[in-house]
Amino acid sequence: MAMLDRLTGRIHPALAFRRALQLSDSGKPAESFALMGIAARAGIVEAQYRVGRCYLEGTGVPPSHSEGARWLRRAADRGSPDAQALLAALCVAGVAGQEADAGSEGLFDRNSLREPDFAAALDLARKAAESGSATGQALLGYILSKGPDAMRDLDAAHGWYEKSAAAGCPEGCLGLALSLVRLRQPEQRSRIAAEVRRAADAGLPTAIYLLAILTEHGMGVPVDLEAAHKLYQDAAERGLASAQFRLGLALIEGGLADRDAVAGEAWMRRAALAGNVDAAYRVGELYSGGGLRDYAEAATWYRRAADGGHQPAARALASLYLSGNGVAQDAEEGTRLLRAAAARGNRESQVDLANLVLEGAGEPDDGISVAGWFGATASSGDLVAAFNLGLCFAEGIGVGKDQERAAHWMARAAEGVAEAQYMYARMLQDGRGMIADQRQARIWFERAAKAGIVDAQVALAEMLYSGRGGERSFVTAAHLFKQAAATGHAGAMFAIGALYEAGQGLSLDHKAAQKWFEAAAERGHGHAQLMLGRYLSTGIAGEHDSAAARIWLERAAAHGVQEAAEELAET
């Protein structure tokens, strides 16, 4: 046969084809390709299909998807179902004539960033399916269920998946399982699991991953966490990014297997590098808030996720730019990232952007966008949006200032948002947008205070001390001031000092009063600085220090406390 191989120029095409198959089976792809080319050029359809595959896979010849697609087209035009099915897969994946992995299984195991050609794919897949190609039937089912709306026919897709699965095609089994999930029939769970298992047993990574999910949660199969972990591992090792992400998460958080943060991070990185934006975001979180703590590294991973459309990652990256952690501080870039995430509907980013606008940052149109976002969701009953819309009307962000409308939205939000309860109480207290009502203000301050709003605790304590809106209670006021002071609230600290000095709600104690005045003074409270200066000047609490007293009075005067300036002028 060696001589025959050297005489390929005179070999009969059919003989060349048979010899090519023998050489291929013997592991001699280059020699096989030379003979297969003779058969293909002579018009043998199966040879044309195989030459196309050789070019696509780089078997015996340098890979070329343009040449592969050309030979597949020849075979498809002459009625080869296999060529039609494979060419349809390339069209759906958007890789016909381009360098990429071939095969219909790719449709079920990866997301393509290229533009698919569904019109060409539909015609090819239908021809292959109607000729009895199980792969073509699976492809046709995929196109009818995942293609453009005008092409979709879910019932027809289900039928083609059933035919493909009946012929034992792994992609057909997987497609049928997913189609059964769509029907939402609990009695089909066992069948769904069985079809997924058939596809998984054939080695489809997505099917293995889905079987892991079913096994983890006991859907159609018994719960078996150890088996689920092995399945995730199998799919991850086959390169499925979603499985790599889930495996990494399981190793980091535990639940399926013993925790192994190092291995978990490694799998999470692999998933991120494979394009899984959730994994990239999670790696960024590990570096931003975990034990690794490296903001520069976190920014790299956040950026990768944000570029893939991950909105929380864009928000996290924006925070780094605004604070200058891990990247050069850049308020403009931070605001741009927030704006982009907010425009895609990320509520947290919308709130962050609104806060920046309140501080005078952003662009003129940002206020209009902010008001629009909150207006649309507030009207549907979202209380957080109602609160933010109330702030927009109160501050004139994107809309004209309108205290009445601000009060209207703040009242709606106050039913469930603690910050809104505080703001609504302030509006009732001041008579902004409505008639002032001290009793109602006190009620809303109390609700907000119970919810943990520190400023509400202080405001309620002041009303209890003065008796506005109800009875006086120095003892309760002192208790609330101490609650707020424990969080570092300077005003509450000053108030406690005043209560100790006056002996109201607390026993008269000048030493305790001086301690609280000092605590508030060190936090920049002007009147506390005045009182501390007086205490040190007179020595009323047992400590006399004229120099320190003057320093504190000067600080109080710098804060605009007129009494401090007058006392300094007299010394």
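This is a predicted model: local features need pLDDT of at least 70, side-chain atom pairs count only at pLDDT 80 or more; totals for chains, interfaces and linings use all residues.
Colleague: Which residues of α20 meet α21?

Modeller: Thr-335, Leu-338, Arg-339, Ala-341 and Ala-342 do. On the α21 side they meet Ser-349, Gln-350, Asp-352, Leu-353 and Leu-356. By class, that contact has five nonpolar, three polar and two charged residues.

Colleague: What makes α31 roughly antiparallel to α32?

Modeller: Again, the angle. Helix α31 (residues 526-538) packs against helix α32 (residues 546-558) at about 160°. The cut-off is over 145 degrees, so α31 counts as roughly antiparallel to α32. The axes of α31 and α32 are 8 Å apart. α31 passes α32 in a left-handed crossing.

Colleague: What is the make-up of the contact of α31 with α32?

Modeller: Eight residues are nonpolar, five polar and one charged. From α31 they include Leu-530, Gly-533 and Leu-536. Those in α32 include Trp-552, Leu-553 and Arg-555.

Colleague: How do you know that Ser-288 is buried?

Modeller: Its relative accessibility is 17%. Buried means under 20%, so Ser-288 counts as buried. Ser-288 is found in helix α17 (residues 277-289). Leaving out residues up to four places away in sequence, Ser-288 touches Arg-293, Tyr-295, Ala-298 and Tyr-302.

Colleague: Why is Arg-184 called exposed?

Modeller: The relative accessible area of Arg-184 is 74%. Exposed means over 50%, so Arg-184 is exposed. Arg-184 lies in the loop between α11 (170-183) and α12 (189-201).

Colleague: What is the phi of Arg-184?

Modeller: Near 50°. That is a positive value in a residue other than glycine.

Colleague: How confident is the predictor in the chain, on average?

Modeller: The average pLDDT is 90. At least 70 is reached by 94% of the residues.

Colleague: Where is the pLDDT below 50?

Modeller: Over residues 1-8, for one. Beyond near neighbours in sequence, that stretch has seven contacts in the model. Residues 97-113 also stay under 50. For residues 97-113 the model has 43 contacts beyond four places in sequence.

Technical notes:
Residues are numbered from 1 along each chain as its sequence is written. Side-chain values use heavy atoms; hydrogens and water are left out. Axes are lines fitted to C-alpha atoms, for helices over the stretch in contact, and angles run from 0 to 180 degrees between N-to-C directions. Helices (H or I, at least four residues) and strands (E, at least two) are DSSP runs, numbered from the N terminus. Angles under 35 degrees count as roughly parallel, over 145 as roughly antiparallel, 65 to 115 as roughly perpendicular and the rest as oblique. A crossing is left-handed if the near helix is turned anticlockwise from the far one by less than a right angle, and right-handed if clockwise. Contact means heavy atoms within 4.5 Å. Ala, Val, Leu, Ile, Met, Phe, Trp, Tyr, Cys and Pro count as nonpolar, Asp, Glu, Lys and Arg as charged, and the others, Gly among them, as polar. pLDDT is the predictor's confidence in each residue, from 0 to 100. Buried means under 20% relative accessible area, exposed over 50%, partly exposed in between (1.4 Å probe, protein chains only).
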